[in-house]
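Here's a quick walk through a structure, with the cut-offs spelled out along the way. Have your viewer ready.

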Amino acid sequence: MKISKLALVSSLSAASFLSAQFKQTPLPYAYNALEGSIDAQTMEIHYTKHAAGYVANLNKAIAGTPMEKESLTAILAHVSKESPTVRNNAGGHYNHELFWTVLTPEKNTQPSEKLAKAITETFGSLEALKEKMSKAGADRFGSGWAWLVVTSDKKLAVTSTANQDNPLMDLAEVKGTPILGIDVWEHAYYLKYQNKRADYLTAFWNVANWNEVSKRYEMATKGKFDDWPALKTFHEVMSQTFHPSEEGNLQPIKTRVGEMVTKAKALQSSSIPPEFDKPAVKNSLANLVEATKNLERQIKKKTSDTEITKTLSNVHDTFHAVIGLCTADDKH
Ligand code: MN
């Protein structure tokens, strides 16, 4: 009896695991919502046939592999080591999920103030950016995409990729986080525009969703710890006391150790952003509080500078252990 119950449990969990595959997000508007720029039939075939095909083939290709447990962006980051089927379909799924969101029937959306400023600084003007992207799309030989990306140094760049590649792939020539992508495969425009890709690219800007692009820009340029002010506050007192100590100056830490203890305690009791909220991080924060208290005791007891320097260095290491735990890519 017990054995059959176990078998039932494991077959149930296998079934629920299979259902957790990649899926298409419902289109946020009707197929005909972009008429005038992109026709209903193109939208319907594009969404229900082409894009649906990529996700189905992706799920098939990764079934039974460790990639089943990975996020889509994690797969893209090592896609050069995978089969062409995974490369084409993981890219295809990511690219189309982004594409639907950067289109909108809403008229005259505009880049946010922050994005507008970055566009002007990088390209001269919004018009110049549109021209550059349209040119990237028009010059892409065969099938592919034109992209506006945020690079690792938080700068804007325009690039294009072939087929279903994208700038998140480890093999991309220009890497970055895409915030706007234009599909220049014939299936995206041929019914209405036939061979006139340039006309489709011009029309694209009438239905571009700058609200979404701005939101993606905000996410892509955000600092990792922006949502954790207590961490930044602690880091400040840490660096302003530790770095002088490296040069033999213990005055800052001797003056500010009480503040450091207070800020370590505040950090421990702060609300930890969900992506960092794990037991190992909490343990390290508790260690950090203990290490700062220990340092305070030593300074009060007028322990030797050598000992204080050693303990401060230990506090510093403990703090970096917290950062390390938060930075480690251990999604699964
Ligand atoms: Mn497409």
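We'll take the sheet, then a pocket.

This is a predicted model, where local features need pLDDT of at least 70, side-chain atom pairs count only at pLDDT 80 or more, and totals for chains, interfaces and linings use all residues. Numbering starts from 1 along each chain as its sequence is written, and side-chain values use heavy atoms, with hydrogens and water left out.

Start with the open sheet: three strands in the order 2-1-3, with antiparallel pairing. Strands here are DSSP runs of E with at least two residues, and helices are runs of H or I with at least four, both numbered from the N terminus; two strands pair if DSSP finds at least two bridges between them. Strand 2 and strand 3 (177-183) sit at the edges, each pairing on one side only. Look at Val149: opposite it you'll find Ala157 in strand 2 and Pro178 in strand 3.

The hairpin of strand 1 and strand 2 has five residues between the strands, and Lys154 takes a positive phi near 70 degrees there. Five of the seven residues of strand 2 (residues 156-162) are buried, so the rest of the structure largely encloses it. Buried means under 20% relative accessible area (1.4 Å probe, protein chains only).

Now for helix 6 (residues 126-139): it gives five residues to the lining of the second largest pocket, the largest share.

Conventions
Buried < 20%, exposed > 50% of the residue type's maximum accessible area, 1.4 Å probe, protein only.
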